[in-house]
Each structure stands twice: as structure tokens, then as C-alpha cells.
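Subject: Structure for your files

Hello,

Here is the structure I said I would pass on. My notes on it follow below.

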Amino acid sequence: VRVLLAGGVPGGSVDAVLKHESVRSLDCIELDGKLIDLVERVGGVEIGKSEGMPSGEARAAVRIMRRDARAFISGGVGKYDLMIVSAPAPLNLQWNRFYTREFFAEAAERLEKGGILAVSHAGSENFLSSDQARVLRTIHDTMASVFGEVTILPGSTVHFLAGDSKVDASELIRRAAESGIELKYTGREYLEHRFSAERIGFLESSVMSGGRPALNTDMSPVLPLYEQVLDAGMRGSPAYRLMERASAIPPALAPAATAAVFLLLMLLSSGKSAGRTAVFVMGFGSFLFQMMIMISLQAVSGHIYHEIVMVSALFMAGAAIGASIRVMDGWRAGRPLASLHAACAAMILLELAFLIPGGGSMIAGKWMLPFFYVFSLANGTLTGAYYRSVARNFYGAYGGRVPAGYYAFDLFGA
């Protein structure tokens with residue numbers, strides 16, 4: 001049996017897997033390599049080599065890799081019989097990457113026929129609130145959109161086992177008893193109680209009562225908001241009701257309403273006020289675009305905290321380049337702005353194409369990061385060029401000098 005353990009390496013999972021003699025190879029992935037060093041130094045034992053492990057020919061080949069698990073699964077080679085993903089709750093986009101439809105599809109490609117993907121999430125022994133049921137239902141439905149069967153096992157931690165066929169809980173209990181492995185924290189009686197047909201049926205009915213939420217994807221991440229609502233409710237936060245209502249708003253409503261307001265502003269503006277409105281809308285739009293770039297980068301790569309400096313620097317460099325471009329004196333006043341409007345529209349269409357389900361796959365792999373770099377540079381260039389064109393077209397009456405007040409409108413929009 002070939003096993004992949006993504007996350008949870010320092011928590012004892014490696015030793016637990018290696019106790020099974022059927023395991024012939026174990027690949028372990030941990031993003032924070034320093035955490036592994038700390039555990040080994042403090043614990044005084046090398047991970048995967050504690051007492052009670054099989055030895056000789058029965059010992060599995062262990063490989064510990066210090067890298068991003070999502071990148072390894074999506075870009076690696078080789079297949080596994082079991083993949084165990086131990087990721088924190090998807091409270092942010094970095095961890096949400098391990099609960100999306102795209103990730104589950106990538107994991108399915110790395111599984112052998114009959115293989116199983118295991119994912120877990122905090123649950124409850126005897127009761128599920130509507131918010132918690134919605135989170136668990138979202139994970140279940142998103143996995144079910146890729147795999148033929150998804151089995152849910154109850155407990156304070158809910159386990160999702162996805163594969164070609166349903167997993168029989170009684171078979172798991174039987175194999176655990178026959179393995180001869182000493183269980184420190186559980187026993188057959190405990191497992192029979194926890195995975196009883198009654199408890200499994202209660203969990204399934206409770207989860208399915210959580211409505212029918214949207215699937216969780218890289219570019220339409222619904223789980224982080226659901227998690228925030230769940231967390232706020234558990235803490236009794238005053239913002240709970242507000243967040244609960246916000247989670248019910250269709251995702252397209254906010255951008256559509258914003259675009260409508262800005263379009264109305266531009267249609268109602270005239271004369272010099274049209275220039276002020278134009279730079280305000282461009283400032284707001286370019287900043288919003290930059291935020292979308294950063295969010296999209298984090299959603300698909302998880303490395304925004306490393307790349308934010310480069311992405312921001314490229315935007316500022318693009319703004320300087322755009323502002324330095326001289327608009328030819330022979331052009332009619334409206335032509336430069338019309339060209340810039342067309343370029344902005346093209347960027348919006350490109351971003352929308354990227355946001356649709358599966359759209360990001362067209363630049364997957366090694367082209368992902370360069371795409372975001374180029375997109376950020378282009379966003380800055382258009383912003384700088386747009387401001388200069390507006391200044392030339394609307395403020396010529398000031399002897400070529402641009403009033404600082406109009407620059408303030410651009411910053412106010414941003």
C-alpha cells in the first residue's frame with residue numbers, strides 16, 4: 001500500500017501509519033520544515049523511527065518532503081492507495097485550497113483504482129448547529145462532485161472518505177481488531193460505539209439538513225465565509241447576525257451593484273466633473289483589480305504572503321510606466337481615452353474568464369505566477385496612462401498644469 005500524508009507530520013501520524021505492515025511506502029509533506037526540526041529536537045526521536053515500528057523487509061520506505069502539499073499533488077507523478085490530508089479549517093483562502101473542487105479533482109488523479117482520499121473537519125459528538133451542518137454539507141457535496149462515493153464518519157472530528165465505493169465502517173472496526181496493533185486511545189468497544197449505524201445515520205441526516213450550499217471552488221470560495229459565520233456564532237460575536245445575512249447574498253450582487261453605481265455616476269457627469277469622476281472610478285477599479293489579483297494568487301498557490309511585495313512593486317512600476325507615456329499631440333482628445341477604455345474592458349474580460357469554474361486551468365503550473373506578474377504590471381500601466389490622458393483632455397485650460405485636487409480624487413477612489 002502506498003500512502004501520502006499531507007500535513008500533520010509532526011503530530012504522530014507518521015508513526016501511526018507505519019505500524020501497519022501493509023504499508024510499503026509513505027510520502028509525508030509538511031509546509032513548515034522548521035516545525036519538524038523542532039519536534040525532533042525537543043522529542044529526542046526522529047519522526048517515523050520511534051519504538052514499535054516494523055523493521056527489516058517489513059519496514060516501509062519513508063520520504064519526508066518540506067514543500068506545499070497542493071503543489072506536490074497537482075504537479076507530481078505517481079499514484080497512491082491512500083491520501084490523508086490534514087489541513088486546518090478553511091478559515092482563509094490559503095487553507096481553503098485543500099477543500100475545493102479543483103483540489104479534489106487533482107487528488108483523484110493521483111489515486112490508484114479503488115484508492116481513498118481522507119479529509120477531516122471539526123464536528124460534534126451529538127449535535128450539529130445549522131452553521132456547522134452547512135460547512136460539513138459543503139465539504140461533502142464538493143467531494144461528491146468529483147468522487148463516486150463519500151463516506152462520513154461521526155465524532156468530535158468528522159472524517160470524509162472519498163473513493164469509487166462506499167466505505168463500510170464495520171469493516172474498518174474488524175480490520176483494526178485483526179491488525180494486532182495496540183491502540184492507545186481507542187478500542188473495539190469505542191469504535192463500535194462511535195461508528196454505529198445509528199450515529200452514522202444521525203450525522204448524515206444532520207449534514208443533509210444544512211441546505212444545499214454552493215460548491216466550494218478555487219475562484220468561488222464559499223467555505224471561508226461559512227467558517228467565519230460558524231466561528232462568530234460559536235464565540236457569540238456581535239457581528240454574527242450581520243455575517244449570517246452576508247453569507248446569503250448572491251456573490252455576483254455586490255460587484256454588479258458597484259458597477260451600476262459607477263456607470264450611473266459617469267453617465268450623469270459632465271464637463272470638468274466628468275474628469276474627476278473618471279479618475280475616481282479608475283482609482284477604485286484599479287485597486288479592486290489589484291485586490292482580486294492578490295486573492296486569486298492566494299486561492300490557487302497559497303503564496304501571497306511571499307509574493308505580495310513583488311505583485312505590489314510591479315503595479316507601482318506599471319503606474320510609473322503608464323504615466324510616462326506621452327499621448328501624441330496629433331490625436332483627437334477622445335481617441336486615447338477610447339483606446340484605454342478598450343484595454344480596460346479586455347482586462348475585465350480576461351479576469352472574468354479566469355474566475356469562471358475551470359478558467360484558471362488554462363494557466364496552471366509554471367505559468368501561474370508569471371501570469372499574475374504580467375496582470376499586475378498591466379493593471380498599473382493602464383492606471384498611470386489613464387490618469388495622464390484624463391489630465392491632458394480635461395485640464396488643458398490650466399496651462400498644462402494638473403490641479404492636485406484631481407489627483408486626490410484618484411487616491412480617494414483607491
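Accessible areas here come from the Shrake-Rupley method with a 1.4 Å probe, and for residues only the protein chains shown count as cover. On that basis the accessible surface of the protein comes to about 21800 Å², with 62% of it belonging to carbon and sulfur atoms.

Some conventions before the rest. This is a predicted model, in which local features need pLDDT of at least 70 and side-chain atom pairs count only at pLDDT 80 or more, while totals for chains, interfaces and linings use all residues. Residues are numbered from 1 along each chain as its sequence is written, and side-chain values use heavy atoms, with hydrogens and water left out.

Overall

The protein has 17 helices and 7 strands (DSSP runs numbered from the N terminus, helices being H or I of at least four residues and strands E of at least two). Of its 414 residues, 41% are buried (buried is under 20% relative accessible area, exposed over 50%, partly exposed in between, with a 1.4 Å probe and protein chains only). Among contacts (heavy atoms within 4.5 Å) with a separation of 6 or more, 70% are between residues 24 or more positions apart.

Helix H6 and its two partners

Two packed helices are described by the angle between their axes and the distance between the axes. Axes are lines fitted to C-alpha atoms, for helices over the stretch in contact, and angles run from 0 to 180 degrees between N-to-C directions. Angles under 35 degrees count as roughly parallel, over 145 as roughly antiparallel, 65 to 115 as roughly perpendicular, and the rest as oblique.

Helix H6 (residues 130–144) packs on helix H10 (residues 223–235) at about 160°, with the axes 9 Å apart. H6 and H10 are therefore roughly antiparallel. In this contact, Asp131, Gln132, Arg134, Val135, Thr138 and Ile139 of H6 meet Leu223, Tyr226, Glu227, Val229 and Leu230 of H10. By class, the residues of the H6 contact with H10 are 6 nonpolar, 2 polar and 3 charged (Ala, Val, Leu, Ile, Met, Phe, Trp, Tyr, Cys and Pro count as nonpolar, Asp, Glu, Lys and Arg as charged, and the others, Gly among them, as polar).

The axes of H6 and helix H9 (residues 197–208) come within 8 Å and cross at roughly 95°, which makes H6 roughly perpendicular to H9. Here Ala133, Leu136, Arg137 and His140 of H6 meet Ser206, Val207 and Met208 of H9. The H6 contact with H9 has 4 nonpolar, 2 polar and 1 charged residues.

Individual residues

Isoleucine 293 sits in helix H13 (residues 272–301) and is buried, at a relative accessible area of 1%. Leaving out residues up to four places away in sequence, isoleucine 293 touches Val311, Phe372, Phe375 and Ser376. Its C-alpha is 9.9 Å from that of phenylalanine 371, 78 residues apart along the chain.

Isoleucine 64, in strand E3 (residues 61–65), is partly exposed because its relative accessibility is 31%. Isoleucine 64 and cysteine 28 are 36 residues apart in sequence and 4.6 Å apart in space, C-alpha to C-alpha.

Histidine 20 lies in the loop between helix H1 (13–18) and strand E2 (25–29). With 38% relative accessibility, histidine 20 counts as partly exposed.

Leucine 265 belongs to helix H12 (residues 253–268) and is partly exposed, with a relative accessible area of 36%.

Regards
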